[in-house]
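Colleague: I would like to go through this structure with you. Could we take the helices, the strands and the side-chain contacts in turn?

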Amino acid sequence: MIHYPPKGINIMDKKSIIGFILVFLIILAMPHYFKMINPEQPTAPNVVGGRQTTISKIDSSQQTIRVRHRQPTPKIQEKDILYTIDTKLYHIVLSNRGGGTLTSFILKNYRMIKNNDTTLVDLVQSGDVKSLFIKYISVDGDSVELNQPFSLDAPRGGVTPNNIWTLNETDSLSLSFVLKSSSRALARKTFVFYGDKYTIDLATDVTGSRENIAAQFYELSWEGGLPYTETLIKDDIDYSKAYAYNAGDAVDLDIKSGRKNQSSFTGNTGWTAIRNKYFTAAILASGNGVGYRLTAEGIPLEGKNFQKVFNMYLYLPVNTVNQTQLFIGPLDYQTIKKLDVNLDEIMNFGASIIRPISKGILWVFTWMHTLIPNYGWVLIIFSILLKVVLTPLTNKSTQSMKEMQKLAPKTEALKEKYGNDPQKLNTETMKLYKEHGVNPMGGCLPILLQMPILWALFIVFRSTIELRQAAFIGWITDLSAPDTIFTLPFAIPIYGSQINLLPILMVLSQIIQQKMSTVSSNQQQKMMMYFMPIVFFFLFNQFPSGLNLYYTLFNILSIIQQKWLTPNAKPKKPKQRTIDAIRQLQMKTKKR
């Protein structure tokens, strides 16, 4: 005899499968849909308060507006000379052109891959470098850029034979460049370098040219932005932006491929900054900033990649000597925070509700790293400690699920009895849970508590320089990047082209853990048990290996705890229903 399953269940299963497939296809198609309905459009100038922002599309056929440039004629034409300052943190090559222009700024403690070779990070773009030039509009309406060679005033101790200075941690070096006319100094720039800091003091003085400057301010500029330093260019593209700080708030400027953008403001300004994923160059006004201008251009590269080129200009008053500071270095939270100018606002710690958790996790990680010199082991110990802290809550959740497993036959019986009356079925099921002291939502609480921590870990691993290039074991060479073991010749939507091992282990451990927790024989819930890990498999594939390592380990610990370490719940006597109690009382009364 052939037994057919209930007709209604078959129809429901087919609908569930079709529904899951449709949801999955919708997720795959969403990026293309949003791109189709939201094409990039040129935007009109937007003026809010004293700030103006303009976005425009790059048009190669448009003629470039010609600006007449003029430079004051110095008394003596100086030659181009390069100077080198070497500390334990950086190696600088400084040109006397423009009174001290950076041609190279190499960070000694950070490496990058360039042309398949490992090299130190250099934060100055190669080519036409124009960092730290002084610019202004002359009374004749000309755009003046002081880009000619300045002369160097002899520093204390004299000029070294090869123009190289090596500074120890407690040393400092002052170099002063001056542009002179026949009668006076037109401009002067004085740098002070320190052996143990990324900050450089810079004093600029154009009071000698005051009568030739039309406005009440001049610009201290950084042009050319920062180079990309990461192997995955997309990461640098996502994080690269320009910033300015005014009125207690940091504003940012971003750009898309093939576009130009700019933002300007006149008023009290604390600093301007340009960042890529892990490094920044900032000009700190030290109370003298009277405005800023940020410009950006997205230059298309191969494929979907493009180069973001940012320029920043800090406005400084003409009639005084302006003390400023340069910070050129890593986006290390503790280092940036010590500057005490709110420059940490350019760092990404997530939404305001997640930010304290992200900073707390980073603090714990860096503190533990002072004791354990490998962030992989730090992460494992952190996972175990977190699991221990959550154990009372997880045990209660597991006990609740085991109680529900014991009640499964009774709930199935209720389904058979009240299957055609969902409201009655729900009422009787909840009554059954209440009689046995079971909370059907108890299993969700540990998962909900995990979500903010997972999100904060994602941010910490993805964007903080402390985890950059932090190797663990074997194939996990960078906890801030996916643990790729093979690259496909094509890309799968959402998943990408990289085959990563940890997301596979994470999904397998999640399926096992969920299978142990599932108490229902309902086919829809079983489908959901497999559907969610599949979605996670696609989403987590491009996530940092540190996050996948944490999630995998947490699942394994949950399996061990659930299987062997959860104490059995004390047997509970089912609560006597009120109607039963009345009947027993009536029977006792009759016997008397």
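Modeller: What follows is a discussion of a predicted model.

Colleague: Let us begin with helix H4. How many residues does H4 have, and what length does it reach?

Modeller: Helix H4 covers residues 355-369, which is 15 residues. From its first C-alpha to its last it reaches 21 Å, close to the 21 Å expected at 1.5 Å a residue.

Colleague: Which residues of H4 are buried?

Modeller: Ser358, Ile361, Leu362, Phe365 and Met368 are buried in H4. They cover an arc of only 135 degrees around the axis, so they are on the same side of H4.

Colleague: And which residues are exposed on the other side of H4?

Modeller: Pro356 and Trp363 are exposed there.

Colleague: Turning to the strands, what joins S15 to S17?

Modeller: Strand S15 (residues 241-246) and strand S17 (residues 259-275) run antiparallel and are joined by 5 bridges. Lys241 stands opposite Arg275 in S17.

Colleague: How many bridges join S17 to S18?

Modeller: There are 13 bridges between S17 and strand S18 (residues 279-300), and these two strands also run antiparallel. Gln262 has Thr295 in S18 as its bridge partner. S17 and S18 form a hairpin, with 3 residues between them.

Colleague: Now the aromatic contacts. How many aromatic pairs are found in the whole structure?

Modeller: The search finds 26 aromatic pairs. One of them is formed by Tyr198 and Phe327, which are edge-to-face, at 6.1 Å centre to centre and with 65 degrees between the planes. Tyr198 lies in the loop between strand S12 (185-194) and strand S13 (199-205), whereas Phe327 lies in strand S20 (residues 322-330), so the pair ties together parts that are 129 residues apart in sequence.

Colleague: Is Tyr198 buried or exposed? And Phe327, buried or exposed?

Modeller: Tyr198 counts as buried, because its relative accessibility is 10%. Phe327 counts as buried at 1% relative accessibility. A further aromatic pair, Phe536 with Tyr551, is tilted, with 6.2 Å centre to centre and 50 degrees between the planes.

Colleague: In which helices do Phe536 and Tyr551 lie?

Modeller: Phe536 is in helix H10 (residues 523-540) and Tyr551 is in helix H11 (residues 545-565), 15 residues apart. Both Phe536 and Tyr551 are buried. They also belong to one aromatic cluster, together with Trp455, Phe458, Phe540 and Phe543.

Colleague: Which charged ends sit over the rings of Tyr194 and Tyr313?

Modeller: The charged end of Lys197 sits over the ring of Tyr194, at 4.5 Å from its centre. Over the ring of Tyr313 sits the charged end of Arg293, at 3.9 Å from the ring centre.

Colleague: Let us move to salt bridges. How many does the structure hold?

Modeller: The structure holds 19 salt bridges. Among them is the one between Asp86 and Lys108, whose closest N and O atoms are 2.8 Å apart. Asp86 lies in strand S3 (residues 82-86) and Lys108 in strand S5 (residues 101-114), so this pair ties together parts that are 22 residues apart in sequence.

Colleague: How accessible are Asp86 and Lys108?

Modeller: Asp86 counts as buried at 16% relative accessibility, whereas Lys108 counts as partly exposed at 31%.

Colleague: What about Asp254 and Lys308?

Modeller: Their side chains meet in a salt bridge with an N to O distance of 2.7 Å. Asp254 lies in the loop between strand S16 (249-253) and S17, and Lys308 in strand S19 (residues 306-317), so the pair ties together parts that are 54 residues apart in sequence. Asp254 is partly exposed, with a relative accessible area of 29%, while Lys308 is buried, with 3%.

Colleague: Where do Lys431 and Glu428 lie?

Modeller: Both lie in helix H7 (residues 422-435), 3 residues apart, about one turn of the helix. Salt bridges that share partners also join Lys234, Asp235, Asp238, Lys277 and Arg462 into one network.

Technical notes
Residues are numbered from 1 along each chain as its sequence is written. This is a predicted model: local features need pLDDT of at least 70, side-chain atom pairs count only at pLDDT 80 or more; totals for chains, interfaces and linings use all residues. Side-chain values use heavy atoms; hydrogens and water are left out. Helices (H or I, at least four residues) and strands (E, at least two) are DSSP runs, numbered from the N terminus. The expected span of a helix is 1.5 Å times one less than its number of residues. Buried means under 20% relative accessible area, exposed over 50%, partly exposed in between (1.4 Å probe, protein chains only). The arc is that of the directions from the helix axis to the C-beta atoms. Rings of Phe, Tyr and Trp (its six-membered ring) pair if their centres lie within 6.5 Å; planes under 30 degrees apart count as stacked, over 60 as edge-to-face and the rest as tilted. A charge sits over a ring if NZ of Lys or CZ of Arg is within 6 Å of the ring centre and within 35 degrees of the ring normal. Two strands pair if DSSP finds at least two bridges between them. A salt bridge is a side-chain nitrogen of Lys or Arg within 4 Å of a carboxyl oxygen of Asp or Glu.
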